[in-house]
Amino acid sequence: MAVLLSTKASVMQDWKRALLALDPGLDIRLFPDAGAPEDIEAAVCWTAHDMAELRRYPNLKLIVSMGAGVDHLLRPPGPPPGIPVARLVDRLLTSAMSEWVLLNVLRFHRQDQAYRAQQAARVWDELPAPATEATRIGILGVGALGSDAAGKLGALGFQVMGWSRREKTLPGVRGFHGAAGLDAMLAQSNFLVCLLPLTPDTRGIINARTLALLPRGAFVLNAARGGHVVDAALLAALESGQVAGTALDVFEPEPLPADHPYWAHPKVVMTPHAASITIPESVAPQVVDNIRRARRGETLLNLVDFAAGY
Ligand code: NDP
Ligand code: OXD
């Protein structure tokens, strides 16, 4: 039985090598060279893979996302009925995301852009001292990624708040959940960090209404999915000063078209969906483990809850 890999050509061999290093007996096929459809027992896919195509494999037992997010696998037509989907939860994926969050919170908090502009103009001028302990950071989504970022921001001395679907208690984090919890958290968030999965419930969550609830001059960070942000609303909030700056790693569509206003906006800091990049060697153990579990009919790791959508 074989494992189908489907991702960008540039990383396909890295994935193959990482899986074979753990299990040299794996029969790995690189999409589109799947061979006989009945051979495929697991598909390990990234965003471009067409889910309808997976219906060709009658013995498919498992689909694995090559990232933490699974929105690309769940959108219509979705995975073949009855086939479980697993996502990645990984130490390095998590720590890289927290680095991105800390980098961008500190960039704005420490007035880095203003100091860079002063340096360029040879201006020696001290700006007001940032008040770390009075700064509140609201994190949308405190799962694998958000909870790690929350802990690290708390260690720096910020007041950290977290919003989740279900009620949740994390050390040092004020928890909020549900619709009322969202509004209450937003009203206190000097920084808003989005680390939610993209689901029908979270699409467009950063919009004119929610941005208006933030304290004036807040900063907005999004490294989750572009679909969480209503771009016109964010641009209007930047224009009015309601939002003082934004750091964006994800966009809709990707790549972001060259004529999009974000590219040249002075208050926008962008990265090209690179906040946290999956490292095949790091995630290979859980992928191989899941393939073995699927063969044996055992409980799978990091399973997606189809009802919740993530
Ligand atoms: P998790 O599933 O571990 O955590 C998701 C969090 O979001 C949970 O706290 C969950 O609540 C909360 N949540 C989900 N739906 C809702 C809702 N309707 N209302 C309130 N809270 C909700 O995901 P990860 O932390 O692993 O990843 C988050 C996302 O980050 C991924 O889905 C992906 O899109 C993105 N990502 C981006 C990367 C990049 O490089 N830019 C890299 C990796 C991931 P609860 O705790 O109650 O379940
Ligand atoms: C992911 C991503 O979901 O890279 O892991 O966006």
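Okay, let's start with three phenylalanines: F108, F191 and F219 are linked into a cluster by ring pairs. Keep in mind that this is a predicted model.

Let me zoom in on F108 and F219. Their ring centres sit 4.7 Å apart and the planes are at 15°, so we call this pair stacked; the cut-off for that is under 30 degrees.

Where do these two come from? F108 is in helix α3, residues 91-109, while F219 is in strand β10, residues 218-222, so the pair ties together parts that are 111 residues apart in sequence.

And are they buried or exposed? F108 is buried, at a relative accessible area of 6%, and F219 is buried too, at 16%.

The largest one has 29 residues, and the members touching the most others are L140, W163, I206, L211, L234 and Y262. Which elements give two or more residues to this core? You'll find β7 (159-164), α6 (178-186), β9 (191-194), β10, α8 (231-240) and β11 (243-248). The largest share is from α8, with five residues.

Pick out L140 on the screen. Leaving aside residues up to four places away in sequence, L140 touches W163, L182, M185, L192, V193, C194, L195, L196, I205 and I206.

One last thing: there's a second, separate core, this one of 25 residues, and among them are M97, V101, L221 and A247.

That's my bit, thanks!

Methods: Residues numbered from 1 in each chain as written. Chains lettered and ligands numbered in written order. Predicted model: local features only at pLDDT ≥ 70, side-chain atom pairs only at ≥ 80, totals over all residues. Heavy atoms only, no water. Phe/Tyr/Trp six-rings, centres within 6.5 Å; stacked < 30°, edge-to-face > 60°. Helix = DSSP H or I, 4+ residues; strand = E, 2+ residues; numbered from the N terminus. Buried < 20%, exposed > 50% of the residue type's maximum accessible area, 1.4 Å probe, protein only. Core = buried A, V, L, I, M, F, W, Y, C linked by side-chain atoms within 4.5 Å. Contact = heavy atoms within 4.5 Å.
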